[in-house]
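Have the structure open as you read.

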Amino acid sequence: MSSQPTYTYTVSSAAYALPLLHAARYLSHTVIGILLGKIDRGSKRVSVEDALPLIHHYTSLSPMMEVALELGAAAASERGMEVVGLYVVPKDDKNSGLGRVGERILGEMKGKFDASFAWLVDNEKLGEGSVPYTIYTISQSSTSPQALPSKSSSSFPSPFTLDSTPNLPARTLQAIRDEKIHRNLVDFDDHLNDS
Amino acid sequence: MTLSDVEQLARWRRLGARHSEEVVDIAMRVLKKGGLGEDQWAIREQLAIAALDIGRSDVAQRQFARMAIRFKASPRVDILVGLQLEARGEFEKAKEAYSGLLKVSETNIPAHQRLIALQLNNPSAAITSLLSYLDIFYSDPNGWSLLAELYADLGLYPQSLTALGHLLVIQAWDSAAVCRAGETAYTMGDYQLALKYFLRATEMQTDPSSPGAKEESCRTRSWWGVKLSLRRLMSDAAAENDTSVPEEMATKPTLLQALDALATERLLAADGKGLSARRAVLSASQPAAR
């Protein structure tokens, strides 16, 4: 039995692509970042508009992640948005779910916004050109994250819908392979080394 | 200071840095230009490894072919053969290849290292092997760094900190490792200890008289560590925190306040991007006046 949040989410192309660019930038590291968006609590809709790439070093250590989450929330607020979720791209294919760190962060996010979610990138699906995200939420009745069931490889599982940009998965891969746009990406760990 | 392509590749070889995508681009450019003489072989080796890392086995294969002609029966080239097997997913054959090299010479360090690398999907096994390896080859900083990372990933932070302690004995100048020790202590909940490490790291990274002082001031990682540790130490829940630091060496409350003002000043002085968000977080962090 899957956990069904009562919110619906639309995902912009920037929010879709940035986590993958972050991963491409730091190929041999696990990368973690957050997702920003606008929340309409009345109609229970979340518009996931942007992603903030945070860390690629020592992802099992907490202080820089703590700072990153606070700064991320402040930056979101300046732009009229809130932190709505996180993404994790693991460096290997251990298939062990969201992992200790991801689950911990999702739990804390849920404390601030009940319908928070986490995206886990599946490296195999990424290579195939499918939508590579497994989505985790924590339902009311549980404390541990559950994956939303996915029926299609070219779109997000319900209740998430992807922006209408045609061929977004393929175009993102092409931008990485051919145009190398990920090389310009800078994350929070980089900022800590050179503000 | 911008480095030439050849200098950049040499620098990455020295550091053991893994910028595989860029290495492939730069190395291919450099080799095409030619005129390198015997220096070309280190670059070809570096290119082969980087190419395997990003899945360009065609590029790697061409380099192997040349190296095999030039260096017959070379253990160094044999390691590359093993890496190629790994890249193809033939892990059992790779393991046999490395074990074979160790039968020829027990001190073939890369062979030891690859055998450990092959176990990384089983962290407990990798840790056991790594501990045996470090018993013999103590002064391998990457080995201690990897051990610390494996322990941390398993949530075994005290063991991770011990491993970092060994790393710091070997590389006493490494301020990033000192900061990392602080982060590990912080994750363990030992905020007094974390504060000492972070302050040491900032001390190592700050030399006002040096010409590069301005560049150093834009590095804020250690100062954030100081700030966060201070926040924990000055919070209402502080009394409940355990620390391994003996009481007479713990940082006293008056000094905590002063350090907090300093850390805030340093974080804002770093300037740069996101200053308004930084200000917001720093002012939210100000502990209530006592």
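In this predicted model, A:Pro63, A:Met64, A:Glu66, A:Val67, A:Glu70 and A:Leu71 of helix H2(A) meet B:Arg221, B:Trp224, B:Gly225, B:Leu228, B:Arg231 and B:Arg232 of helix H14(B). Contact here means heavy atoms within 4.5 Å, and helices (H or I, at least four residues) and strands (E, at least two) are DSSP runs, numbered from the N terminus. By class, the H2(A)–H14(B) contact holds six nonpolar, one polar and five charged residues. For these classes, Ala, Val, Leu, Ile, Met, Phe, Trp, Tyr, Cys and Pro count as nonpolar, Asp, Glu, Lys and Arg as charged, and the others, Gly among them, as polar.

One salt bridge links B:Arg232 with A:Glu66, where the closest N and O atoms are 3.0 Å apart. The term stands for a side-chain nitrogen of Lys or Arg within 4 Å of a carboxyl oxygen of Asp or Glu. Between chain A and chain B the count is seven salt bridges. Overall, 29 residues of chain A touch 38 residues of chain B, in the sense of contact given above. The two chains bury about 2,800 Å² between them, 50% of it on carbon and sulfur atoms; buried area is the accessible area (1.4 Å probe) that two parts lose on being put together, summed over both.

| Helix pair | Angle | Axes |
|---|---|---|
| H2(A), residues 63–78, and H14(B), residues 221–233 | roughly 90 degrees | within 10 Å |
| H8(B), residues 123–136, and H9(B), residues 141–153 | about 155 degrees | 10 Å apart |

Axes are lines fitted to C-alpha atoms, for helices over the stretch in contact, and angles run from 0 to 180 degrees between N-to-C directions. H8(B) is therefore roughly antiparallel to H9(B) (over 145 degrees). Among the residues that meet there are B:Leu130 and B:Leu134 in H8(B) and B:Trp144 and B:Tyr151 in H9(B). That contact divides into 10 nonpolar, one polar and no charged residues.

Two backbone details in chain A also deserve a look. A cis peptide bond joins A:Ser158 and A:Pro159, with omega about 5 degrees, and A:Pro159 sits in the loop between strands S7 (146–147) and S8 (160–162). A:Lys44, although not a glycine, has a positive phi of about 55 degrees; its place is the loop between strands S2 (31–40) and S3 (45–55).

Residues are numbered from 1 along each chain as its sequence is written, and chains are lettered from A and ligands numbered from 1 in the order in which they are written. Local features need pLDDT of at least 70, side-chain atom pairs count only at pLDDT 80 or more, and totals for chains, interfaces and linings use all residues, while side-chain values use heavy atoms, with hydrogens and water left out.

Methods
Angles under 35 degrees count as roughly parallel, over 145 as roughly antiparallel, 65 to 115 as roughly perpendicular and the rest as oblique.
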